[in-house]
Amino acid sequence: MERNHIILLLRYRGRSICFLLFYLFTVLPLSAQSVKDIIKQNPVYASCNYSIYPDSIPDNLTPAPAGKRPFYISHYGRHGSRYISNRSGYDTPYRMMLHAETVDELTPTGKQVLQEMKLIMAATEDRWGELTALGGYQHRQIARRMMQRFPEVFEGAARVHARSTLVPRCMLSMGYAMAEMAKKNPQLQITMESTKRTQYYMNHQDKALRKNYMTPEARKAYDAYLAPRTGNSRLMELIFKNPDIVKELVDESFFNYYLMKMGLFQLNTHLRDNTFLLELFQTDELYSMWQIDNALWYIQHGACKLNGGWQPYSQRYLLRQLIADADSCLSLAQPGVQLRYGHETVLLPLVCLTGINGYDLETDNLDELEAKGWWCSSVFPMASNVQFIFYRSHPKDQNVLMKVLLNEQEATLPIPTDQAPYYRWTDFRQYCIQKLEQYPQDKW
């Protein structure tokens with residue numbers, strides 16, 4: 001067992017050296033790969049919203065139509081890698097292990113697991129929700145690439161207006177990005193703000209929609225989907241001497257889920273080279289957890305027919321603001337850049353609401369999600385972002401084109417175009433307004 005452990009450790013440590021490069025191939029659903037294939041190559045994909053942003057982005061953007069130049073960028077991005085939001089996420093498996101230790105029910109592997117857990121707890125105590133060094137690095141790199149890809153927008157004393165939610169990790173993410181931009185072009189006119197005044201669209205958490213997402217129909221479907229994917233008797237036998245006895249102290253399904261999350265989450269921190277906890281899990285087990293989470297994220301934020309399909313409308317205020325900001329900026333000779341830094345619970349429903357890359361999928365069958373490409377891990381890794389890039393020939397040009405980048409890769413929109421991935425701004429604007437008008441304001 002010790003020899004196998006060493007081999008696994010070397011294998012995962014070697015994997016961690018190229019960790020972010022491997023993840024590059026998992027940001028977008030690839031038709032040639034299944035989710036299980038991706039997780040086998042890179043386990044962190046299984047962690048959904050705990051996934052890590054790629055360190056390297058291929059520079060394969062489609063050239064703009066003749067005569068068109070980028071002149072305005074509108075953006076919404078998630079904060080970078082962070083520590084877990086609160087202690088409870090780690091406490092669930094940790095306290096179960098402490099109980100088992102007091103009755104001498106831990107195997108040698110179980111004792112090592114407990115030591116790893118103690119290390120993680122000590123290293124992250126009182127840092128709950130904070131941006132990690134990796135998170136700051138991610139936003140510096142995203143800002144750098146934005147300037148390299150669209151230098152016309154950042155020429156001379158171009159204006160860059162950035163705002164964030166009131167959460168410190170979002171403010172710091174904004175700060176890292178702006179510091180990088182100022183370093184690359186000291187002439188930029190950069191303004192930053194974080195105010196309660198803009199929170200109604202920067203981080204709107206619709207209480208009515210949230211309260212009603214798990215309808216009886218959704219609960220029935222989710223429970224049925226969940227049932228064959230929970231538990232892990234193999235893990236219990238690996239860690240506990242007498243799994244049947246320990247079941248009085250340890251809930252198998254909760255323990256399996258949260259221990260797996262603990263191992264995956266630490267990859268966002270300075271402990272990311274220590275992958276021992278991940279070695280405990282097999283690809284099928286990680287894949288099952290991904291399926292569980294992916295289905296829940298769909299019910300919560302996707303256009304799920306089981307709850308009426310209204311959940312993406314939680315970001316109706318943000319979409320209206322994006323349109324209003326664009327309308328006001330397009331009349332300017334040099335509108336510059338508008339950047340917004342927030343959260344995945346905003347970014348994912350925004351992507352679903354606007355239909356980027358088919359994430360407006362409507363279904364009541366949770367088994368269809370994977371086959372139809374609704375893979376939440378590809379939307380909202382740490383530091384995920386949506387960039388709307390606007391193009392025109394000159395300030396008086398009325399035929400303004402745009403394209404959307406999801407995590408810096410060209411994306412599709414649910415409207416016709418003969419210049420993909422470029423779309424007419426007026427077509428996208430009309431599509432969004434018509435969709436917003438469908439929402440029954442008095443539904444709840």
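The legends below describe several close-up views of one predicted model. Local features need pLDDT of at least 70 and side-chain atom pairs count only at pLDDT 80 or more, while totals for chains, interfaces and linings use all residues. Residues are numbered from 1 along each chain as its sequence is written, and side-chain values use heavy atoms, with hydrogens and water left out.

**View 1. The aromatic pair of Y90 and W128.** Rings of Phe, Tyr and Trp (its six-membered ring) are paired if their centres lie within 6.5 Å, and planes under 30 degrees apart count as stacked, over 60 as edge-to-face and the rest as tilted. The count by this rule comes to 19 aromatic pairs. In one of them, the rings of Y90 and W128 have centres 6.2 Å apart and planes at 75 degrees, so the pair is edge-to-face. Y90 belongs to helix 4 (residues 88-102), whereas W128 lies in the loop between helix 5 (108-124) and helix 6 (133-149), so that this pair links distant parts of the chain, 38 residues apart. Helices (H or I, at least four residues) and strands (E, at least two) are DSSP runs, numbered from the N terminus. Y90 counts as buried at 1% relative accessibility, where buried means under 20% relative accessible area, exposed over 50% and partly exposed in between (1.4 Å probe, protein chains only).

**View 2. The aromatic pair of W310 and Y439.** These two rings are also arranged edge-to-face, at 5.5 Å centre to centre and with 75 degrees between the planes. W310 is found in the loop between strand 4 (303-304) and helix 16 (316-329), and Y439 in the segment after helix 19 (425-437), so the pair ties together parts that are 129 residues apart in sequence. W310 counts as buried at 18% relative accessibility, and Y439 counts as buried at 5%.

**View 3. Strand 7 and its neighbouring strands.** In strand 7 (residues 385-392), 8 of the 8 residues are buried, so the strand is largely enclosed by the rest of the structure. In a regular strand the side chains alternate between the two faces of the sheet. Here N385, Q387, I389 and Y391 point one way and V386, F388, F390 and R392 point the other way. Two strands are taken to pair if DSSP finds at least two bridges between them. Strand 1 (residues 69-78) runs antiparallel to strand 7 and is joined to it by 8 bridges, with S74 standing opposite F388. Strand 8 (residues 401-406) is likewise antiparallel to strand 7, with 6 bridges between them, and its residue L405 stands opposite Q387. F388 and F390 also belong to one aromatic cluster with Y72, W425 and F428.

**View 4. Charged ends over tyrosine rings.** A charge is said to sit over a ring if NZ of Lys or CZ of Arg is within 6 Å of the ring centre and within 35 degrees of the ring normal. The charged end of R229 lies over the ring of Y225, 3.7 Å from its centre, and that of K261 lies over the ring of Y50, 4.8 Å from its centre.

View 5. A salt bridge is a side-chain nitrogen of Lys or Arg within 4 Å of a carboxyl oxygen of Asp or Glu, and a search of the whole structure finds 24 of them. R69 forms one with E155, their closest N and O atoms being 3.7 Å apart. R163 counts as buried at 10% relative accessibility, whereas E193 is partly exposed at 26%.

**View 6. Cysteines C170 and C432.** A disulfide is a pair of cysteine sulfur atoms within 2.5 Å, and the structure holds 0 disulfides. For C170, the nearest cysteine sulfur is that of C376, 19 Å away. The sulfur of C432 is 14 Å from the closest cysteine sulfur, in C352, which is too far for a bond. C170 is buried, with a relative accessible area of 0%, and C432 is buried, with 1%.
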